[in-house]
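Please keep the sequence and the structure in view while reading.

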Amino acid sequence: MQYPTVDYEQGAVLLLDQTRLPHEVVQLRCTTVEELVEAIRSLSVRGAPAIGVAAAHGVTLAADRLLERGMDGPELLAELQEAVDRLEASRPTAVNLHWALRRMRAVLEEAVPGGGDLRERLHREAVAIHEEDVRLCEAMGRHGAELLPERAVVLTHCNTGALATVGIGTALGVVYAAVEQGKQVEVIVDETRPLLQGARLNTWELAEHGIAATLICDGAAGWTLATRRVDAVLVGADRIARNGDVANKIGTYPLAVLAHRHGVPFYVVAPYSTLDLDLATGEEIPIEEREAGEVTACRGHAVARDGTAAFNPAFDVTPHELIAGIVTERGVVREPYEENFRRLYA
Ligand code: MRU
């Protein structure tokens, strides 16, 4: 890709602006925490792992700005804590954001007021989170690729590739890894209304990687599963409860029901940073609701009568019994999830 999904240079978080894809490939420079919070809210950067990495760099950005103003000591620490709070409030469902910021907060909590190297320690932790995501994606790709036959047709929902992470991706990372191993993979892409991450981002990203993609309307998934060969459904996740219930982009749950109905294995691909083992079931996962205008309009064009009411949950929860396996960086986890997560991540 021409620009990395997320990057950091002194005083700016750099984002490949995903709201402009596929028509324009432009980089967005966020030079304040407010700009970065707005970029996360408006989905200029999106995908659970990518927003975690962007927010981690956002804490270094906050430090750079405050140090420029000569701030120091307890006042600096208090302002940085406040910046973490603002970043944390930007989106509620993807737990990777909270996981990354918990790591950044730990650096602040260990800091001695007036201790000189705080900025460097924040930067080192953000870079560690960034580089770890690259390794997690590679490992998930290797484990997931083993699940696919030599010639595979995969159906996917939302964007889960290089744009959603800073590595090769989660579910699409599995596709890239399988292709790297010499397998032939065709991807059927759900458009993913309302914000069209499938139509706008997957078709662009898969073309960049030279992988065959066929776009379908979300409502066509059932008929596609009924009438065409599909070897697996692969999706990512924004938060996974310890019983294996998975929150992911709205439309994932009906897709899992359809895959179950047609006997197609439904796999979730996610790193440990997406697990929230404090939550017993998916019922406890906070689901982001976004503005009605995303439903009543599409890319700025009204598609409903003025004043139409709309319900716009950004995510849904797929019950664990519909999931054939969760591909993590440590291997494929299957039922009973609670016991197997505990064993793997003790
Ligand atoms: O609202 P988005 O575009 O941030 O939603 C993204 C998804 O739902 C992805 O499937 C999920 O973050 C996993 S991607 C690695």
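This is a predicted model: local features need pLDDT of at least 70, side-chain atom pairs count only at pLDDT 80 or more; totals for chains, interfaces and linings use all residues.

Residues are numbered from 1 along each chain as its sequence is written, and side-chain values use heavy atoms, with hydrogens and water left out.

**Overall build**
- The chain has 11 helices and 16 strands, these being DSSP runs (helices H or I, at least four residues; strands E, at least two) numbered from the N terminus.
- Along its principal axes, the C-alpha trace spans about 65 × 55 × 40 Å.
- Buried residues, meaning those under 20% relative accessible area with a 1.4 Å probe and protein chains only, make up 56% of the 346 residues.
- Of the contacts (heavy atoms within 4.5 Å) with a separation of 6 or more, 73% are accounted for by residues 24 or more positions apart.

**Helix H6**
- Helix H6, residues 171-180, is mostly covered, as eight of its 10 residues are buried.
- The buried residues of H6 include Leu172, Val174, Val175 and Tyr176.
- These buried residues of H6 pack against several elements, among them helix H5 (118-145), strand E4 (151-156), strand E5 (184-190) and helix H7 (197-208).
- After H6 comes Gly182, whose phi is positive, near 95°.

Conventions
Buried means under 20% relative accessible area, exposed over 50%, partly exposed in between (1.4 Å probe, protein chains only).
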